[in-house]
Amino acid sequence: MTDAAKRIVILGATSAIAEAAARRWAKAGGRLVLVGRNTERLEAIAADLAVRGAAAATFVALDCASADAEAELATIVADLGGVDVVLVAYGVLGDQRTAETTPQAAAEVFRTNFTSAAAWCLAAANVLERQRSGTLVVIGSVAGDRGRLSNYVYGASKAGLGVLVQGIAHRLAQQGARAVLIKPGFVDTPMTAAVARKGLLWAKPARIGAIIVKAADKGGPVVYAPGIWRWIMLVIRLVPASLFHRTKL
Amino acid sequence: MFRPAFRDQLPAATQSNTVSSVLATGLLRSYGDSCLNGPGGLIDMTGLDRLIAFDRTTGRLVVEAGISLSDILKIVVPHGWFLPTTPGTRFVSIGGAVANDVHGKNHHRAGSIGCSVRALGLVTAGERRTIGPDAEAALFAATIGGLGLTGIIEWVDLQLVPVPSSRLDVEIIPYGSLDEFWAIASESVVSHEHTVAWIDCMSGGAHTGRGAFTRANWATDGVYEAHSDASWKAVPVEFPSIALNRLTVSAFNEVYFRAHQLQRRRQLQHYATYFYPLDAVSSWNRLYGRRGMLQYQCVIPPGGDRGVIRSLLDRIAKSGQASFLAVLKTFGERTSPGLLSFPRPGSTLALDFPNRGVETLALMRTLDAIVAEAGGALYPAKDGRMPAPMFRQSFPRWREVAACKDPRVNSDFWRRVSLDD
Ligand SMILES: Cc1cc2nc3c(=O)[nH]c(=O)nc-3n(C[C@H](O)[C@H](O)[C@H](O)COP(=O)(O)OP(=O)(O)OC[C@H]3O[C@@H](n4cnc5c(N)ncnc54)[C@H](O)[C@@H]3O)c2cc1C
Ligand SMILES: NC(=O)c1ccc[n+]([C@@H]2O[C@H](COP(=O)([O-])OP(=O)(O)OC[C@H]3O[C@@H](n4cnc5c(N)ncnc54)[C@H](OP(=O)(O)O)[C@@H]3O)[C@@H](O)[C@H]2O)c1
């Protein structure tokens, strides 16, 4: 079984971080199914992964936030003949101010980052539990570690997802499968293109991709990416509210 | 600065009215102002680094324009393919390489990279077009070596060459004078695929042009190993500018030359060692101190080139302005489709000078006069200062390129050389 090509399903495969991970899996000869909502982009990524060495790279175009997760995943996994990794990568940052003033905008962030992602996670957990093998890898965020005025709607969606994945990890640990939550810090991707000055704490997607691929094999259940964020967030969580509330973080 | 992640974003990026003009940039390895656009915006192409297709049996490679030559080689070398030609660094994008129609040590066989481009995707005037030698040939010719002016190169369809090994059989031949250089060069272009000479710029008189000639052919061992990007040396701090004065360069050249002179050598070298010696030393340009360096690369047409190269080298030796790296190579006859291509039959001399301000610029003006008189040209990829009339004289088809220019595109270089005085 170790020699067989890894079967990987990526939800939100057009994400820069997901693509970086996919390139590594492709180089190792994996069989990938890319799920996303932009056909032309999925096509470009699939072609690239094929040249890089993927045993297969196909795609399914759908909106992850509104699709029937259970049914779609079942079809994909049946086609692959089982699955070794399910990566849940899609997400939206949203705009904090808009989310505060427009309830639909906040609901949209929750629907994409939490409600729909949770459905995919639960569907994947059922598959992995039945197989008694495989790993669910989910991209959360350090923003879920403490609510901050600048992005707590996004943060809450990722925090909720984090607890869900933690629970799934607990459940699967007793069934021979795994779940891992990746918590990236600042990553230089289209999602953060608006941030003009990117300092020392910013990582390239390639670095996070490498961490994801490793985490799919072993370790976890919570992986900060890169690791330094474990300590940064520890400090941030420990700052007393009396002090924290005086910042604009 | 906009960094597209997907090709479909390009048409809108060029039409964006938040900037007065745009310019595509690659890995910014050009030295002058051809990759700058002061008043306008830049489109950083390095996020478009995907492979589109690679046929392992025919060596046809189609890639997005922002991919580096380094990444291309990692993919194709293990299958026995190599770039048709390569500049002295692998950290350039394929789009940038096409936009400067780059040349390598095998110009006498392969011509410049434009000779191996089968087709290009070009975003021009807001439209995505496919151009090639047989499709919109005029626009294609204006785009090869076109300095990004005709639009944004979206993808490149390139014919690779099969190689019998990832190593080369390299011969290093020390020689003592320019006459010897010409003799070795004319013999080597017949026997060797790759030729170039490193020149000791500090010695004048009878020793003018002495140096080390290297020539190589691919080895035939059938072993294919791609390079790794881990660099083995680093120049940690900036040298004080003074460190690289005439004496140190002279000593450096002497040591380098002597080291080579000890004996004529022949060795097997990996392609990364042979083609990209500077890539192994990260931030090697720090050697030049904070003021950096100025590049000067000219081509002198055949006929008068021997005398002209001698007078250029004599001027430099007399000026006492140290050139750390000086490279001399003869170009072949193969012409590229590019209207603004720099490579043309003759000899090319590439120099880099530590920037000593006015003094260095004055020397370059003296060299300009010699080059212009000889009917030569300067390489735009390494130029930030050539006078507009010199550009127009040495790139006589520039108006045809101007006619194909995307009105939304501009660069500092173009504003400088196309401005009517
Ligand atoms: C150490 C070193 C050695 C070198 N040796 C050689 C050599 O041996 N031979 C040689 O020919 N050159 C040589 N060069 C020069 C280098 O190969 C060229 O400057 C090359 O074009 C740089 O590519 P880039 O990706 O960095 O492009 P940039 O420097 O970013 O841009 C160069 C030009 O290409 C345009 N451009 C970039 N991408 C696109 C695109 N997608 N669409 C349209 N236009 C685009 C830019 O507008 C600009 O005009 C050397 C440079 C260095 C630093
Ligand atoms: N960048 C950071 O600093 C950072 C930090 C921590 C966590 N993260 C998390 O990392 C993950 C990947 O983001 P990224 O940084 O790689 O940014 P990105 O490149 O912008 O990727 C986000 C991707 O999510 C996709 N997506 C959004 N909604 C979708 C939907 N309903 N259906 C299908 N796909 C959808 C987007 O596709 P479309 O193009 O179709 O919209 C986009 O490709 C996200 O979950 C993000 O929250 C990022």
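Around ligand 1 there are 33 residues with a heavy atom within 4 Å of it, and those that come nearest are Ala24(B), Arg29(B), Ser30(B), Ser93(B) and Tyr379(B). This is a predicted model, in which local features need pLDDT of at least 70 and side-chain atom pairs count only at pLDDT 80 or more, whereas totals for chains, interfaces and linings use all residues. Residues are numbered from 1 along each chain as its sequence is written, chains are lettered from A and ligands numbered from 1 in the order in which they are written, and side-chain values use heavy atoms, with hydrogens and water left out.

**Ligand 1**

- An oxygen atom of ligand 1 lies 2.9 Å from a backbone N or O atom of Gly96(B), and an oxygen atom of the ligand lies 3.1 Å from a backbone N or O atom of Leu147(B).
- A polar backbone atom of Ile153(B) is 2.8 Å from a nitrogen atom of ligand 1.
- On its own ligand 1 has 970 Å² of accessible area, of which the protein covers 95% (Shrake-Rupley method with a 1.4 Å probe; for residues, only the protein chains shown count as cover).
- In chain B, β1 (22–25), α3 (94–99) and β8 (152–159) each supply at least two residues of the shell around ligand 1; helices (H or I, at least four residues) and strands (E, at least two) are DSSP runs, numbered from the N terminus.

**Ligand 2**

- The shell of ligand 2 holds 27 residues, and the closest are Thr14(A), Asp63(A), Tyr154(A), Val187(A) and Thr189(A).
- A nitrogen atom of ligand 2 lies 3.0 Å from a backbone N or O atom of Cys64(A), while an oxygen atom of the ligand is 2.5 Å from an N or O atom in the side chain of Tyr154(A).
- The protein covers 90% of the 880 Å² of accessible area that ligand 2 has on its own, and the elements giving two or more residues to its shell are α1 (16–27) and α6 (152–173) of chain A.

**Buried sites in chain B**

- Helix α2 (residues 69–76) of chain B is mostly covered, with 6 of its 8 residues buried (under 20% relative accessible area; exposed is over 50% and partly exposed in between, with a 1.4 Å probe and protein chains only).
- Arg90(B), in the loop between β5 and α3 of chain B, is buried with a relative accessible area of 5%, and its side chain makes a polar contact of 3.3 Å with the side chain of His227(B) (a pair of N or O atoms within 3.5 Å; within protein, one must be able to donate a hydrogen and the other to accept it, and residues adjacent in sequence count only if both atoms are side-chain atoms).
- Ser347(B), in strand β18 (residues 346–354) of chain B, is buried with a relative accessible area of 0%, and a polar contact of 2.7 Å joins its side chain to that of Asp305(B).
- Ser347(B) and Ile300(B) are 47 residues apart in sequence, yet 5.3 Å apart in space, C-alpha to C-alpha.
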